[in-house]
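Good morning, everyone, and thank you for making time for this.

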Amino acid sequence: MVRYLFALAWLLSAGYCRSDELTATEMKWLRAGWPVLEYAEKQQLPIDIVVQPEASVDDLPIAMGFGEGRCQLVISMRGNPNAEATLKDVSTEDAGLVIEAMVAHEVAHCWRYMHGVWHTLPAGFTDSFRATGNDTEVRRQMRDTRREEAFADLVGLAWIRRAHPEHYSQIYSWFEQIRKDQPVAGGHHDTRVWIQMARDSNVFAKVDSPFEQANEVWMAGLQKDEAGQ
């Protein structure tokens with residue numbers, strides 16, 4: 001159950017989120033991510049903002065869900081220590097940019113879903129997954145999720161290159177560190193193959209859409225990731 005369900009189009013037309021309905025932490029995150037959400041609206045991505053009245057154990061501060069042909073950006077910050085812990089090693093100056101990149105990451109999931117390519121491979125790419133054993137399906141699911149997370153990470157970085165190029169190296173270092181610290185090598189969020197490819201921001205093609213920019217790098221990384229299986 002959620003307390004609030006805001007249509008993004010309504011929020012954008014209103015121009016603000018009412019402070020009496022949202023906590024200071026929620027306002028901080030939404031304000032930081034607002035440029036990304038405005039861009040998503042212009043790209044006609046149907047995103048609703050869902051605010052949970054209370055976070056569950058292990059909830060991420062923000063996550064993207066899907067349903068009824070729409071995307072839901074779920075905000076889970078009330079009673080959630082992960083909300084501030086996510087930024088504990090980030091300078092005050094960079095905190096807003098990290099949040100902005102995280103929102104871009106989530107919006108990238110919506111873009112993939114709404115374009116009908118969620119958990120699918122690009123045309124011409126051959127899936128050579130040949131694992132055997134009792135954990136084969138689990139490993140396949142991990143790989144499929146890892147690919148989606150990699151695409152989203154690249155969109156986060158492409159967005160920063162587009163909107164804040166002078167801060168690219170700081171935000172890149174943040175992505176690099178959190179992906180390096182993943183508990184399981186080759187797990188759901190082990191996107192290091194793609195992160196390493198994006199060390200130089202010039203890897204992103206000079207096209208307008210951060211989704212298209214990310215897509216080119218993502219496809220190039222699929223072969224490398226496949227080889228590591």
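This is a predicted model: local features need pLDDT of at least 70, side-chain atom pairs count only at pLDDT 80 or more; totals for chains, interfaces and linings use all residues.

Let me begin with helix H6, which covers residues 168-180 and, with 13 residues, reaches 18 Å from its first C-alpha to its last, close to the 18 Å expected at 1.5 Å a residue. Its buried residues are Tyr-168, Ile-171, Tyr-172, Trp-174, Phe-175 and Arg-179. Looking down the axis of H6, we find these buried residues within an arc of 155°, so they line one face of the helix.

Now to the rings, of which the structure holds nine aromatic pairs. One of them joins Phe-66 and Trp-118 edge-to-face, with 5.2 Å centre to centre and 65° between the planes. This pair links distant parts of the chain, since Phe-66 belongs to strand E3 while Trp-118 sits in the loop between helix H4 and helix H5, 52 residues apart.

Another pair, Trp-111 with Phe-211, is stacked, at 5.2 Å centre to centre and 10° between the planes. Trp-111 lies in helix H4 and Phe-211 in helix H8, so this pair ties together parts that are 100 residues apart in sequence.

Finally, ring pairs link Tyr-39, Trp-111, Phe-151, Trp-159, Phe-211 and Trp-218 into a cluster, and over the face of Phe-151 lies Arg-112, at 5.5 Å from the ring centre.

Note on methods: Residues are numbered from 1 along each chain as its sequence is written. Side-chain values use heavy atoms; hydrogens and water are left out. Helices (H or I, at least four residues) and strands (E, at least two) are DSSP runs, numbered from the N terminus. The expected span of a helix is 1.5 Å times one less than its number of residues. Buried means under 20% relative accessible area, exposed over 50%, partly exposed in between (1.4 Å probe, protein chains only). The arc is that of the directions from the helix axis to the C-beta atoms. Rings of Phe, Tyr and Trp (its six-membered ring) pair if their centres lie within 6.5 Å; planes under 30 degrees apart count as stacked, over 60 as edge-to-face and the rest as tilted. A charge sits over a ring if NZ of Lys or CZ of Arg is within 6 Å of the ring centre and within 35 degrees of the ring normal.
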